[in-house]
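Here is a walk through the aromatic contacts of one protein model. Start with the rings, then turn to the charges above them.

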Amino acid sequence: MQLHISPSMRSINISSNHGFTGLMKIKVATRHFSYRTLFHTILILAFLLPFLFILTALVTLEGANKCSSFDCLGRRFGPSFLGRVDDSGKLVKDFYKVLNQVMTEEIPDGLKLPNSFSQLVSELKNNQYDAKTFAFSLRAMMEKLEREIRESKFSELTNRHFAASSIPKGLYCLSLRLTDEYSSNAYARRQLPPPELLHVLSNKSHRHFVLSTDNILAASVVVTSAVQSSLEPEKVVFHVITDKKTYAGMHSWFALNPAAPIIVEVKGVHQFDWLTRENVPVLKAIENHHGIRNYYHGDHIAGVNLSGTTRAFASKLQARSPKYISLLNHLRIYLPELFPDLDKVVFLDDDVVIQHDLSPLWEIDLQGKVNGAIETCKGEDEWVMSKHFKNYFNFSHPLIAKHLDPDECAWAYGMNIFDLRAWRKTNIRETYNFWLKENLKSNLTMWKLGSLPPALIAYRGHVHPIDLSWHMLGLGYQNQTNIENVKRAAVIHYNGQAKPWLEIGFEHLRPFWTNQRKPTQISFGINLGIERRCRCYYSNSELVECHLLVSLQHSRLRFLEMAGVQNQLEIKFRLTDGSDIGPKTFPAATSIATLKESVLAQWPKEKENGPRTVKDVKLISAGKILENNRTLGECQSPLYDVPGGLTTMHVVVQPPSEKEKKAANQAQQKKSCQGDDIIFRLGLVEPA
């Protein structure tokens, strides 16, 4: 078979090889373009095809989305023109598919994890990982970092919990010093308030504040802030209630540092005859229940689930603070019994600072309600002011689910105005005790946190909301607190772990508290030596202790000035064997050389190697060797040598040098020879 195409391309003849011609003849339609047109077309395509090939290669290598010049249009439409499309979207989908697959599978055993992202990229290049291996490495690396971050965060929260539960050295020493002052200083034991002002304690025309605390420093700040902010401080009465172990120190502080014209009463729980364990059965049950004691005083970390959120872990730690089973923490529920002669009181926590006059609180119409408090379910701060009942109670417990609404708005303790007359007509205390007992029976499964949850139940229907500007919360745990809002608030509350007297307190919020604890200014001026010494401290606890000692010493000086003994110092001399010479009283103008002469005159005769002259004696006070030409007043230590107090000076006898020993022996021999010559001349002995 043969195929023949005519030169004009108008017909095609097909013939067989056996002689049959014209087996098939096909006519082609008339052509629509000339040879010249075809030639030009081929020529143009020959020019464009290399260009399109190069453009396609560049797009493939660089990516179509990275073009930034005028040829971007050609780059984008070139691949499409050639039948190709941008496959970056497909790559992303494939990568998502790999990630989803890796999420559902177990990480292979023995997978080596890189320590950094740069190491991961380096291993990816060197080992030619496929997408799945890369995804596994990335997942394992991320999970490892998450575990380390969580462990670090939990460790931080645990350390903060223990720091918040401990007592700083400065506060501990302050309490001991004040307790010692109570036993040795009659002025520290004086009656508070004075007998002529006792009638004010039950005067309903005055504004009465109640403060229940065992923190002397915090109590002093609250009272001082009230003095500075009140428009009529002479009408303010503070009733400070503390426990038995702190009573002496608390009484000493306010006796030595009067908050005039505010009147302060200090009472211990042991001074209320009716406040016994029999009348507070819940506290008795708490103390006798081994599981409850272990929950609050045992290991706070054992058995804690670390799989939850860090905020939940922090809340569980805070709920296990031992203060929540303290009598002082539950004392506010007994206010009508504690103050039977009063009609209205404001109850304050010890971690608040009063910034504005609070007298308008007594003018608020509570509309027959008992408790005036701010609501904590509304406000600018979504963390602090977003508390409902579901934040405090376990609504999986049938008793809680039956009686309470999880979306009911909560309110805050810390600054509350109580109408005691309306309170006495209710059964709030009985309701409070009932729910506490039920929670104990359920092994603390109804709620975990303190005295507020049972109060939320007991005061239901008895709370009158007051304006949020009266009480600002969260300064003890919200680091992002708005400073302008802090300045405007009448009372700021450092509720939370970051108390301002602790090292973990927030530095930018601490000044609102520290400005209230300046040393007492007394009539005869401030001892500048003490002030200079305080500037040498860097830690907050040491600075607090120093300032408190300044105020304590100032108070003692004022008392001693009134007693006329300011220029007298009582000194005892401590010898190296532990025995003492004295004590003896010396005027402040006494020279150190005179003191040494007194030591020589009183040196025990039975002691060997005693000093021979003043030069042999060294006197040391407060770690300094005293110079002979200085006076006792000039050598006073501002923190330890207080007029009227007992000062101990250490006596060191300087051993004589070899030259002095030789001179002393020669003098002794000469004296002995002279004695023999005198005896011989008197004829008392026969000459040899």
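**Aromatic pairs and their surroundings**

W513 has a relative accessibility of 0%, so it counts as buried (under 20% relative accessible area; exposed is over 50%, partly exposed in between; 1.4 Å probe, protein chains only). The model is predicted: local features need pLDDT of at least 70, side-chain atom pairs count only at pLDDT 80 or more, and totals for chains, interfaces and linings use all residues. Residues are numbered from 1 along each chain as its sequence is written, and side-chain values use heavy atoms, leaving out hydrogens and water.

The structure holds 13 aromatic pairs. Rings of Phe, Tyr and Trp (its six-membered ring) pair if their centres lie within 6.5 Å; planes under 30 degrees apart are stacked, over 60 edge-to-face, the rest tilted. Take F209 and W362. Their ring centres are 5.2 Å apart and the planes meet at 70°, so this pair is edge-to-face. It links distant parts of the chain, 153 residues apart: F209 lies in strand β4 (residues 207-212), W362 in the loop between β8 (352-354) and β9 (371-373). Strands (E, at least two residues) and helices (H or I, at least four) are DSSP runs, numbered from the N terminus. F209 is buried at 3% relative accessibility. W362 is buried too, at 14%.

W513 pairs with W501. The centres are 5.7 Å apart and the planes at 50°, so the pair is tilted. W501 sits in the loop between β13 (491-493) and α19 (511-514), W513 in helix α19, 12 residues apart. W501 is buried at 9%.

One aromatic cluster is formed by W411, Y413, F418, W423 and Y459. The charged end of R332 sits over the ring of Y413, 4.2 Å from its centre (NZ of Lys or CZ of Arg within 6 Å of the ring centre and within 35 degrees of the ring normal).
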